[in-house]
Amino acid sequence: MEMDVVTKLREAFPDLSEDTLQQLKGLVRVATYPPNTLICEEGAYEYVFYLIVDGEVEITKHFDGGEERVLRHSTVGDFFGEMALVQQEPRAANVRTTRDTTVIEFDKEVFDNLLASSPELAWRMVRTTFDRLRSNDQTALSDLHEAYMTLARLDKAKLDFIEIAAHELRTPLTVIQGYADVLRNNDVIQTDSVLTEIVGGIMRGTTRLYEIVNGMLDITKIDTDTLKTSRVPVLLQSVFAELKNEFSSALAERKLELHVKQIGDVPYIEADPNLIYKVFYQLLVNAIKYTPDNGSITVTYWLTEVERMGPAVAIAVQDTGIGIDPKHQKAIFEKFYQIGQVALHSSGKTSFKGGGPGLGLALVKGAIEAHQGMVWVESEGYDEEKLPGSAFKVLLPAHTPDFLSQQ
Ligand code: ADP
C-alpha cells in the first residue's frame with residue numbers, strides 16, 4: 001500500500017501550509033527498515049533527521065566501561081537524529097529498529113528549511129530536547145545513586161569484616177598475653193637475661209597488636225556513630241606531657257625533637273580524655289613517621305575565638321617532614337586512604353614512612369567531630385628533599401563556666 005507522505009507530514013507538522021507540504025514531499029525520502037537495523041550509529045558523522053511513521057526504534061548509548069544502555073524507545077510520531085544536526089556533531093547514540101519500521105528522512109538542508117518555516121516544529125524540538133536531557137539526567141542520577149549504594153554496601157562489608165576480625169583477634173591475643181605474663185614472672189626465666197628479653201619481645205608485640213585491634217574497633221564505632229564521649233574537663237598540658245613521655249624513646253631513636261608550647265593561658269577543654277589522648281597520639285605518631293631523622297615536631301596551643309564555636313582551643317602539630325600534596329589533603333582523613341603504595345611501607349610504628357592501615361586520621365577526624373571540633377591539614381606540598389613539613393590544626397570548644405559548675 002502506497003503511503004500518503006503528505007498526510008503523514010501534515011500530522012507531524014500541522015502548521016505547515018499545503019504548498020510547503022507538497023514541496024516537502026518531493027524533498028524527503030520514505031524508507032522501511034527490517035527489525036534490528038542500525039539506523040544511526042554512535043560516533044558516526046551523518047546528518048539526517050528521521051520521523052517515525054510506523055514501527056518502533058530503540059535508542060542506546062555506550063557508557064564508560066563499554067556497557068550499552070537503553071536510553072528509550074521511540075514510536076510513531078516521534079523524531080530522532082536532530083541532535084547531531086543541530087550541534088553538527090557525531091551521533092551521540094545508536095538507533096536500532098525493533099520491528100519493521102518506516103521513517104521519513106530529511107537531509108540537513110531540507111531539515112534546516114523545515115525548521116525555519118515551522119515555528120511549531122522548532123518549539124516541539126526545543127521541548128523534546130529538554131525532556132530528553134531531563135530524562136538523561138534522571139538516568140545519570142539514578143546510575144550515580146546505584147553506584148553510591150554499591151560503594152556504601154562495600155564500605156559496610158569492609159567495616160563489618162574489620163569488626164569481626166578485630167573481635168576474633170582479641171581472644172587469642174588475651175591468651176598469649178596471659179601466658180607471656182606467666183612466663184615473665186617465672187623464676188627460671190627471671191634469672192635468664194636472654195629469655196627475659198624474648199618474653200619482653202612477646203609482650204611488646206602483643207601490646208602493639210592490641211593497639212592495632214583497638215584502633216580497628218574504634219574506627220568501626222566512629223562509622224556507626226556509636227563513639228561515646230564522656231566529657232570531663234581536660235588539661236591539654238597534661239595530655240602533651242604524657243605523650244612526650246610516651247614517645248621519648250621513639251623520638252630519641254629517630255633523633256627527633258618534640259617541643260610543646262603553650263601560648264598564654266589555656267583553659268580546660270570539655271572532652272573525653274581517652275579519645276583526646278588518641279587524637280594527639282595519632283597526630284604525633286604520624287609526625288614522627290613522616291619526618292626523617294634529625295627533624296623536629298612542634299605542638300603549639302592557645303586560646304582563640306572561632307565563629308559559630310565561640311571560645312576554642314587551637315592546637316597545631318607542625319613537623320619538618322615530607323609534607324602532603326594539596327590534592328590529598330582532604331582525602332587523608334577518609335578511612336583506608338593512604339598516599340603511595342601500601343606494599344612499600346615499612347611496618348614499624350614510628351619508623352620513617354612506616355605504614356599503618358590508613359585509619360589513624362579517620363579516627364582523628366571522627367573523634368574531633370564527636371567533640372564538635374574541626375581538624376584540617378596545611379602543607380605546601382610533598383617533597384622528600386626539601387621537606388616542607390605539615391601542620392595539622394585542631395580546634396576544640398573551650399570550656400564554659402557553666403560546664404564546670406554542672407560537673
Ligand atoms: P596511616 O595508617 O597510613 O598512617 P593515616 O590515616 O594516619 O594512615 O594517614 C593517612 C596518610 O596521610 C598517610 O598514609 C600519609 O601519607 C599521610 N600523612 C599523615 N600524616 C602525615 C604527616 N604528618 N606528614 C606527611 N604525611 C602524612
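## Cores, helix packing and selected residues

The largest nonpolar core holds 57 residues, and those with the most contacts inside it are Leu 236, Leu 243, Phe 280, Leu 283, Ile 297 and Ile 315. A nonpolar core is here a set of buried Ala, Val, Leu, Ile, Met, Phe, Trp, Tyr and Cys residues joined through side-chain atoms within 4.5 Å. Buried means under 20% relative accessible area, exposed over 50%, and partly exposed in between (1.4 Å probe, protein chains only). Helix α10 (residues 273-289) supplies the largest share of this core, 11 residues. Because domain 2 (149-223) and domain 3 (232-405) both give residues to this core, it lies between them. Apart from this core lies another, of 21 residues, including Leu 21, Phe 106, Val 110 and Leu 121.

The model is predicted: local features need pLDDT of at least 70 and side-chain atom pairs count only at pLDDT 80 or more, whereas totals for chains, interfaces and linings use all residues. Residues are numbered from 1 along each chain as its sequence is written, and side-chain values use heavy atoms, with hydrogens and water left out.

The protein is divided into domain 1 (5-117), domain 2 (149-223) and domain 3 (232-405), with bounds from an automatic or database domain assignment. The C-alpha centres of domain 1 and domain 3 are 63 Å apart.

The axes of α10 and helix α11 (residues 360-370) come within 9 Å and cross at roughly 145 degrees. Axes are lines fitted to C-alpha atoms, for helices over the stretch in contact, and angles run from 0 to 180 degrees between N-to-C directions. Residues of α10, among them Leu 275, Val 279 and Leu 283, meet residues of α11 including Leu 361, Val 364 and Ile 368. Contact means heavy atoms within 4.5 Å. Helices (H or I, at least four residues) and strands (E, at least two) are DSSP runs, numbered from the N terminus.

| Residue | Contacts (heavy atoms within 4.5 Å) |
|---|---|
| Leu 236 | Ile 269, Ile 276, Phe 280, Tyr 301, Val 313, Ile 315 |
| Ile 202 | Ile 176, Ala 180 |
| Ser 74 | Ile 52, Gly 55, Glu 56, Val 57, Ile 59 |

Ile 202 lies in helix α7 (residues 193-223) and counts as partly exposed, at 35% relative accessibility. Ser 74, found in strand β5 (residues 68-75), is buried, with a relative accessible area of 2%.

Key. Lists of a residue's contacts leave out its neighbours within four places in sequence.
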